[in-house]
Amino acid sequence: MSNSPAAEVGHRLWGGRPGFFPKGMLHVVLFTLGLLMVTPFVWMVLTALKSYSEIYVYPPRWLPAEPQWNNFAVAWRMAPFARFYFNSIVVTSLITASQLVFGALSAYAFARLEFPGREAMFVVFLGTLMIPIQVTMLPLFLVVKWLGWVNTYPGLIVPFAANAFVIFFLRQFFLTIPKELEDAATIDGCSRLRFLAQFLVPLSRPAFVTAGLFTGLAAWNEYVWPLIVTTTTDMRTLPVGLRYFISQTKSDFHYMMAASVIVIVPVILVFIALQRHFVEGVTMSGVKG
């Protein structure tokens with residue numbers, strides 16, 4: 001019997017009974033669930049390629065009679081999507097970078113440094129994950145308004161510059177790296193900050209990619225906070241801009257779907273490019289507490 005973690009979990013889950021859940025049946029279940037999850041996306045893409053008359057055909061047709069690739073260009077021109085894209089790229093990039101930098105520094109402190117109250121402080125950090133953003137949104141907005149950051153990039157970025165989940169995730173990965181490696185580097189005269197930058201970060205690349213994907217996806221899709229803190233069109237991010245676009249198009253569902261594809265495609269491409277590191281980060285983190 002395999003000694004892999006997945007095999008051990010499966011062995012415990014099914015009471016140690018070999019063949020209780022055949023491998024072929026598992027593949028069927030996973031394929032069915034995957035098909036159910038991807039169906040709405042496929043329908044969105046196919047609808048984006050339909051003409052106006054095909055949208056209201058009954059019974060509905062999956063495939064367009066003649067793909068209307070021009071729908072994407074029309075949707076792009078109907079709203080300032082170039083500006084929305086620029087805002088989302090700036091906000092997402094800076095939030096992701098800041099969370100990884102501050103997360104790495106904090107995770108190193110919690111994983112490697114010995115100081116009074118470390119464990120209690122870490123529990124407090126984890127406790128913040130239990131607080132819904134809706135609870136802190138009003139006081140956060142009042143602070144941003146007091147600083148004069150309403151409808152500015154700092155107002156969109158600074159409140160999310162650090163994240164407890166990223167700190168926890170990187171800490172768990174740092175704990176899997178042998179302490180002896182740092183002891184040897186310290187003997188050779190390596191400082192803590194240099195060890196973090198030149199050893200821990202490169203060795204933890206899958207964890208950083210995974211945390212970056214989670215953070216970037218959350219920042220890219222954030223809707224409520226940009227809606228509250230921005231007041232003009234030129235500061236809107238893509239989710240808010242998409243909602244503005246939908247309110248203007250009314251019943252033109254093919255343009256709505258085309259705009260939705262425009263918004264979601266970059267995230268999918270980034271995930272496809274980094275999926276190997278993403279899987280490594282998820283499977284290798286959280287092994288050691």
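**Figure 1. Confidence along the predicted model.** The protein has a mean pLDDT of 83, and 88% of its residues reach 70 or more; pLDDT is the predictor's confidence in each residue, from 0 to 100. This is a predicted model, in which local features need pLDDT of at least 70, side-chain atom pairs count only at pLDDT 80 or more, and totals for chains, interfaces and linings use all residues. Residues are numbered from 1 along each chain as its sequence is written, and side-chain values use heavy atoms, without hydrogens and water. Among the elements, helix 8 has the highest mean pLDDT (94) and helix 1 (residues 5-13) the lowest (48). Helices (H or I, at least four residues) are DSSP runs, numbered from the N terminus. Over residues 12-16 pLDDT stays under 50, and the model has 3 contacts beyond four places in sequence for them; contact means heavy atoms within 4.5 Å. Where pLDDT is low, the predicted coordinates should not be read in detail.

**Figure 2. N151 in the loop between helix 7 (133-146) and helix 8 (153-157).** The phi of N151 is near 65°, a positive value in a residue other than glycine. Most residues other than glycine have a negative phi.

**Figure 3. Helix 9 (residues 164-174), a mostly covered helix.** Of its 11 residues, 9 are buried, that is, under 20% relative accessible area with a 1.4 Å probe, protein chains only. The buried residues include the phenylalanines F169, F173 and F174, together with R171 and Q172. At the start of helix 9, a side-chain oxygen of N163 comes to within 2.8 Å of the backbone nitrogen of F165.

**Figure 4. Helix 11 (residues 192-203) packed with helix 12 (residues 205-221).** The two axes are 4 Å apart and meet at an angle of about 70°, which makes helix 11 roughly perpendicular to helix 12. Axes are lines fitted to C-alpha atoms over the stretch in contact, with angles from 0 to 180 degrees between N-to-C directions; roughly perpendicular covers 65 to 115 degrees. V201, P202 and L203 of helix 11 meet R205, P206 and F208 of helix 12. These residues divide into 5 nonpolar, no polar and 1 charged. Here Val, Leu, Phe and Pro are among those counted as nonpolar, and Arg is among the charged.

**Figure 5. P226 in helix 13 (residues 224-229).** P226 counts as buried because its relative accessibility is 5%. Leaving out residues up to four places away in sequence, P226 touches L156, T237 and V240. P226 and V150 are 76 residues apart in sequence, and their C-alpha atoms are 9.8 Å apart in space.

How values were computed:
Helix = DSSP H or I, 4+ residues; strand = E, 2+ residues; numbered from the N terminus. Buried < 20%, exposed > 50% of the residue type's maximum accessible area, 1.4 Å probe, protein only. Polar contact = N/O pair within 3.5 Å; in protein donor to acceptor, adjacent residues only side chain to side chain. Parallel < 35°, antiparallel > 145°, perpendicular 65-115°, else oblique.
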